[in-house]
Amino acid sequence: KGMVLTAPRHFEMRDFAVPEIAPNEGMLRIEACGLCGTDHEQYHGDIRSRHAFIPGHEVVGVIHALGDEAADRWGLKTGQRVAVEVFKSCGECRQCTSGLYRRCERNGTATMVGFTDVDVPPGLGGGYATHLFLGPDSMLLPVPEGMDPVMATLFNPLGAGIRWGVELPETAPGDVVAILGPGVRGLCAAAAAKEAGAAFIMITGFGPRDAQRLAIAPGFGADLAIDVAQQDPIQALQQAIGRKADVVVDVTAKAPAALGQAVRLARPGGTVVLAGVRASTETPGFDPDHIVYKELRILGALGVDVSAYRKALELLASNRYPFADLPRQVAGFDDIESLLQVMAGDRDGVPPVHGVFAPDSH
């Protein structure tokens, strides 16, 4: 079974035939799939698709069927719990052989988990389902023994926090880091920066929907949590430590003013990582001359790679941060749409920090 998004705000439950598995393929029994901003942007139609698809790209499950060639290639076995990478890799093109498999010439964004055409057999290409088809180009990671599958879905946002908050900007011990957006990726970026030795971490949010997230941010390494609806983040950072940020990480969604804040928060010669999606061409408060005068390095970030995912699973297993205690809601087939509506702001309620779909949840 799978929840198919046929149009913005319109789901259909469908039954799918179980495909025959070739020697280089596999099938996953889905246990849990984390939700992120992309999910409700797909639901809203902010991220458009020309075809119907099963959403969900933070997938954890147990290998249900596995061809002999696939078992050798992945080094896995039937019954093993794994996390599924969003991007796929042919392993042969110039991008894949250079390590940049997120830009695979055969795959890229066209075959990402949670985005593929449901009418292309076998159709099971996303996480809001009981099973996920594992084609030859799928990328899998073993989940540490005994880790709860709902908890394990954090491999994706924590991997993003590591790549966006540390690896891309080359965050170093003693750095001042400002993180815009206190959702699960913002909190993960804070934990990653703390692990990298950042001397001071500020995280920002906006309004009542972010109040709970800002309140728990110190547990994930934040030294200062600011509601930008109440306080200017540039002034707050200056008052706290008397300097601007070496690294600014913007993981906001639908926050056009965040770009201007990011540029103003960065010190001369600093780095700004843009990982959030504006869903708008408006940039209030953004002065591009600051990029020139400050000689800023601005980096766009799309997705995560295996290095960060592996570090994320190790950090989750260490229990050094209270990821298990995140405000969390687990939804099954019957209530996944209402959870997405709360996350998207279409329905009253405070969205959980960690939303998860689990096919067996009731």
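Two strands are taken to pair if DSSP finds at least two bridges between them. On that basis, this predicted model contains an open sheet of six strands, with parallel pairing and the order β10-β9-β8-β11-β12-β13. Strands β10 (224-227) and β13 (297-300) form the edges, each pairing on one side only. From one strand to the next, the twist averages 15°. Within the sheet, β8 (residues 176-180) and β9 (residues 200-205) run parallel and are joined by five bridges; L180 has T204 in β9 as its bridge partner. Helix α8 (residues 233-241) packs on this sheet, where it touches β8, β9, β10 and β11 (245-250). The direction of α8 makes about 155° with that of β9.

A charged side chain deserves a look next. R185 lies in helix α6 (residues 184-195) and counts as buried because its relative accessibility is 13%, with the cut-off for burial set at under 20%. Leaving aside residues up to four places away in sequence, R185 touches C36, E58, N156, P157, A160, G161, W164 and V251.

Helix α6 also meets helix α11, as one of the elements against which the buried residues of α11 pack; the others are β7 (140-142), α4 (149-152) and α5 (155-167). Those buried residues are A308, Y309, A312, L313, L315 and L316. Seen down the axis of α11, they fall within an arc of 165°, so they line one face of the helix. R310 and E314, on the other side of α11, are exposed. Just after α11, N319 takes a positive phi of about 60°.

Conventions. Residues are numbered from 1 along each chain as its sequence is written. This is a predicted model: local features need pLDDT of at least 70, side-chain atom pairs count only at pLDDT 80 or more; totals for chains, interfaces and linings use all residues. Side-chain values use heavy atoms; hydrogens and water are left out. Helices (H or I, at least four residues) and strands (E, at least two) are DSSP runs, numbered from the N terminus. Axes are lines fitted to C-alpha atoms, for helices over the stretch in contact, and angles run from 0 to 180 degrees between N-to-C directions. Contact means heavy atoms within 4.5 Å. Buried means under 20% relative accessible area, exposed over 50%, partly exposed in between (1.4 Å probe, protein chains only). The arc is that of the directions from the helix axis to the C-beta atoms.
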